[in-house]
Amino acid sequence: MAEETDALGRRRRTTPVSTSKRITPQPADLVWFQKLLEHGPLPSSYLLAFTKELRRSEKRATERLTDLFNEAETKHGGRYLERPPQQFRTIDSRYNQLVYDLTPAARQALGEADMLSERAAAPSGPWLHRFMVSCVMASIEIGTLDRPDLIFIPQHRILARAGAELRCPVPIIEPGSGRNVQKDLLPDALFGLEYVTDAGSRFRFFVVECDRATEPAWTANFNRKSWLRSLLQYRAYIGRKLYRQHLRLTAPLLALNVVTDEARLERLLAVTEAELGADGDPYLLFQSIDEFGPVWRPPGPIASLLNGPWRRARGTEFRIDQP
């Protein structure tokens with residue numbers, strides 16, 4: 001037991017310890033499972049925000065998350081939540097809010113409740129990148145919860161309606177050689193917004209690219225992913241409206257590029273203007289957040305992603321929460 005508790009006899013944050021308490025999923029638990037399925041790993045503050053109308057006591061909701069992580073006596077054969085170990089590899093991680101993700105038992109519970117969409121898939125790739133994408137997407141959805149004029153449309157619903165996968169081959173002209181090549185475009189995420197207005201509903205859709213400066217803005221090796229290659233792909237995919245056939249959409253599609261510092265944002269804007277001219281393309285939007293830089297902590301919901309300004313070429317701005 002000594003290894004499972006700290007010096008004060010408390011259960012450790014990193015290791016589940018069951019007390020044989022029987023756990024049965026409740027409606028609010030299933031909401032948490034569903035949001036983790038759709039978005040990926042999320043901090044506790046995000047999960048509490050998604051169920052604030054179902055669980056008004058933050059203390060009791062936090063205790064419930066603890067039980068779902070620790071207790072293994074369930075009808076689905078094990079614990080419902082896990083705490084990804086990557087979150088504990090930060091400075092002073094014991095002072096951070098906890099991050100949760102699904103277990104196979106939670107997926108079984110969603111399937112039993114008919115809430116397990118085959119197309120609901122969290123982002124792939126390195127864990128910290130996936131975590132950033134999860135927080136970006138969940139922040140935008142959470143921002144719509146108190147907005148009667150906005151309805152969030154999740155990725156899996158868009159893909160199911162189109163009968164499509166997120167990946168799409170896009171033909172482009174390779175810089176330098178002028179060769180026609182085809183490269184798969186795979187955004188980090190996709191979502192839509194329904195704007196409820198007096199004149200009726202309007203729609204706009206978005207692909208999301210999260211950039212932690214792990215890829216170059218420009219490279220002579222076109223086989224390596226870079227911002228320039230993504231830029232050329234989006235010029236074809238959005239500029240030439242290839243997305244309309246791929247996703248079966250008639251509404252506009254914009255590309256949201258989220259970076260971790262202002263210097264990186266300026267670099268990407270410079271490459272955009274150099275390639276596309278001073279006006280750039282109006283569908284390319286940029287915003288910088290500092291929560292996922294070299295020193296990071298699990299953030300709370302980032303409101304500016306929905307209600308803050310997004311930059312475009314030549315310093316113009318755009319608000320995605322406005323129709």
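This is a predicted model: local features need pLDDT of at least 70, side-chain atom pairs count only at pLDDT 80 or more; totals for chains, interfaces and linings use all residues.

Tutor: Numbering starts from 1 along each chain as its sequence is written, and side-chain values use heavy atoms, with hydrogens and water left out.

Now your residue. Glu 141 is part of helix α5 (helices are DSSP runs of H or I with at least four residues, strands are E runs of at least two, both numbered from the N terminus). With a relative accessible area of 8%, Glu 141 is buried (under 20% is buried, over 50% exposed, anything in between partly exposed, using a 1.4 Å probe and protein chains only).

Let's zoom out to the helix pair. Helix α1, residues 27–39, and helix α5, residues 127–144, have axes that come within 9 Å and cross at roughly 125° (axes are lines fitted to C-alpha atoms, for helices over the stretch in contact, with angles from 0 to 180 degrees between N-to-C directions). That angle makes α1 oblique to α5 (under 35 degrees is roughly parallel, over 145 roughly antiparallel, 65 to 115 roughly perpendicular, and the rest oblique). On the α1 side the contact is made by Lys 35, Glu 38 and His 39, which meet Ser 134, Met 137, Ala 138 and Glu 141 in α5. Sorted by class, the residues of this contact are two nonpolar, two polar and three charged (Ala, Val, Leu, Ile, Met, Phe, Trp, Tyr, Cys and Pro count as nonpolar; Asp, Glu, Lys and Arg as charged; the others, Gly among them, as polar).

Helix α1 has another partner. Its axis and that of helix α4, residues 104–112, come within 10 Å and cross at roughly 110°, so α1 and α4 are roughly perpendicular to each other. Here α1 brings Leu 30, Phe 33, Gln 34 and Leu 37, and α4 brings Ala 106, Arg 107, Ala 109 and Leu 110. The class tally for α1 with α4 is six nonpolar, one polar and one charged.

Three strands make an open sheet in the order β2-β5-β4, with antiparallel pairing (strands pair if DSSP finds at least two bridges between them). At the edges are β2 (42–43) and β4 (81–82), each pairing on one side only. Between β2 and β5 (residues 99–102), which run antiparallel, there are two bridges, and Leu 42 stands opposite Tyr 100 in β5. Helix α1 packs on this sheet, touching β2, β4 and β5, and its direction makes about 85° with that of β5.

While you have the model open, check two backbone angles. Lys 241, in the loop between α7 (227–239) and α8 (242–247), isn't a glycine but has a positive phi of about 60°; at 42% relative accessibility, it counts as partly exposed. Arg 248, in the loop between α8 and β11 (253–259), also has a positive phi, near 55°, without being a glycine.

Key
Contact means heavy atoms within 4.5 Å.
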